[in-house]
Amino acid sequence: MGTGPVVIVGAGHAALEAAAELRARGHTRPITLIGAETAPPYARPPLSKGYLTGQVGPEELRLRPESFFREQDITTMLGESVVEIDREAGRVMLASGARVPYGTLILATGSRPRWPAVPGADLEGVVVLRDLSDAERLRCALRECGELLVVGGGFIGLEVASVARGLGLPVTVVESGPRLMGRSVSPTLSAHLLALHRAEGTRVLLDRELVALRGRAGRVRGAELNNGGRVVADLVVAGIGALPNTALASQAELTTGDGVVVDRWLRTSDKDVYAIGDCARFPSPHAAYPLRLESIQNASDQARCVAATLTGDRQPYTAVPWFWTEQCGARVQMAGYTSFHDHTVVSGSRAEGRFSVFCYLDGRLVGTESVNRSADHMITRRLLADSMAGPAADEVARPGFDLRRHTVKPV
C-alpha cells in the first residue's frame, strides 16, 4: 500500500472515484481532493442535456452527499487552485499560499474547452460548455435566445443543438469537416445523425469554417463563414474540442504531449505521480497509439485502476473504451475504439432508427456503434474486454443476424 497521504488535484468524476475506491479497498492514509470549483463533485454529462431543459437540477448532479466525505474521512479543499508541484519536497502549493504534502499525487486536472480564435469571440453571447457555471449561463441564455449558432459538430455541439430544437429555437450547426462527429464515428453513423438533426429542423452546414463573429452594442449578432456566407445568431455555443490541462505537469517537468504522458499503470515520469481522466495520455491495447479520452467511463476506470495499484493490486489499464450520447430522441452508444477501421457492416434497420454499425480492422471486430440497440453495445463491450472473437463481417451481413445468438470464442 502506498506510503504517505494521497493528494488528488481536481475534484471531478475521476478524482472522486479515485478517493472513493481507495477507501473501498481499505486505504487508511489521509486523502485530500483539491478543486478550483466551489461546487462539490458533480456529474457533467447532464450539463449538455437535462440540465439545460431544467429536468435535472443542481442537487441531482451531485455525485455524493456531503456526509460521504465525513464518513470516509476524505478532505475536500474546494475553491482552491494548485499553482505548483514541488516534487522534491513532495508537496503542492496553492494560490492561497497553503502547502499540502503528499506521498502519492494523482493529477485529475481534466480539460478545458477550445475558444474560437476569430475576431468577435469576446462578444457577449459567445459561450462554451464545460462546467456547472457554463451550463447555468447557457441555460439562462437559451430562455432569451432568438437564434442559436452551434460551432462544431461533435458530442457537445450536437447535444446542445438537439436540446435547443426541443425548446423550439431556430438552430444552425456549422462544422468545418465533411461530416458530423467525423473524428469519432463511422460515415454511416455520421450520415444518420445528420439526417436526424435535419429532420428536427436544424440547419447543418458542413465544410464551413467560422472566420468572424459580428456584433452590435457589444453583443453577438451573427457569424461570417469561409465561403462568404453569413449566419444570424444572438447566441453562439462553441463546441470545437478541448485541451488537456497540463500546465502543472509541465511546470513540474513531467512528460507531456497532448496530455500528461503515463505508462500502462497510469504513472507519470515520476513514480509518485499518476494522471487520470481527460488530462492523461495513455497506452491502450485497443489502439495502435497512446490515447487521450474525454469520457466518464475512462475517468472512472482509470481512477479504479490507480486505486487498485496503490492498495497492492497492481494492474495495467486495459479497459475497453465506450461512449454514449443522446440526440434527437436517439440513444447512441459506441463500444471499442473505432476511429480507425477499414470495413463496416450494418445490422438492423436504419429506416426504423434501430441498428448497429460493426467496425472491423484487418478482419477483426474493433467495436460497434449502436443506435437504440443497447444489447449490441453491451455484448461488444464484453467481447472486447474478454478478448473474445466477435462475429465475422459476413456473419453480421446475413439477414436476421442477432449478436445475442453469436457463439464467442477466445481470440
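**Side-chain contacts: charges and rings**

Hi everyone, let me start with a charge on a ring: Arg 314 lies over the face of Trp 265, 3.9 Å from the ring centre. Before I go on, please keep in mind that this is a predicted model. There is another contact of that kind to show you, with the charged end of Lys 49 sitting over the ring of Trp 324, at 4.6 Å from its centre.

Now to the salt bridges. How many does a search of the whole structure find? The count is 24. Let me walk you through a few of them.

In one of these, the side chains of Asp 258 and Arg 281 meet, with an N to O distance of 2.4 Å. Are the two partners buried or exposed? Asp 258 counts as partly exposed at 43% relative accessibility, whereas Arg 281 is buried, at 18%. The pair also belongs to a network of salt bridges that links Asp 258, Arg 281, Arg 292 and Glu 294.

Next, Asp 263 forms a salt bridge with Arg 267, and their closest N and O atoms are 3.3 Å apart. Here Asp 263 is partly exposed, with a relative accessible area of 21%, and Arg 267 is partly exposed at 26%.

Asp 402 and Arg 404 give us another salt bridge, with the closest N and O atoms 3.0 Å apart. Asp 402 is buried, at 16% relative accessible area, but Arg 404 counts as exposed at 59%.

Let's turn to the aromatics. Across the whole structure, the search finds 5 aromatic pairs. One of them is Tyr 289 with Tyr 337, an edge-to-face pair at 6.4 Å centre to centre and 80 degrees between the planes. This pair links distant parts of the chain, 48 residues apart: Tyr 289 is in the loop between β20 and α9 (296–310), and Tyr 337 is in the loop between β22 (330–336) and β23 (343–349).

Tyr 289 is partly exposed at 34% relative accessibility, while Tyr 337 counts as buried at 16%. Tyr 289 also pairs with Phe 340: the ring centres are 5.9 Å apart and the planes are at 90 degrees, so this pair is edge-to-face. Phe 340 lies in the loop between β22 and β23, so its pairing with Tyr 289 ties together parts 51 residues apart in sequence. Phe 340 itself counts as exposed, at 52% relative accessibility.

Put together, Tyr 289, Tyr 337 and Phe 340 form one aromatic cluster.

Methods:
Residues numbered from 1 in each chain as written. Predicted model: local features only at pLDDT ≥ 70, side-chain atom pairs only at ≥ 80, totals over all residues. Heavy atoms only, no water. Salt bridge = Lys/Arg side-chain N within 4 Å of Asp/Glu carboxyl O. Buried < 20%, exposed > 50% of the residue type's maximum accessible area, 1.4 Å probe, protein only. Phe/Tyr/Trp six-rings, centres within 6.5 Å; stacked < 30°, edge-to-face > 60°. Helix = DSSP H or I, 4+ residues; strand = E, 2+ residues; numbered from the N terminus. Lys NZ or Arg CZ within 6 Å of the ring centre and 35° of its normal.
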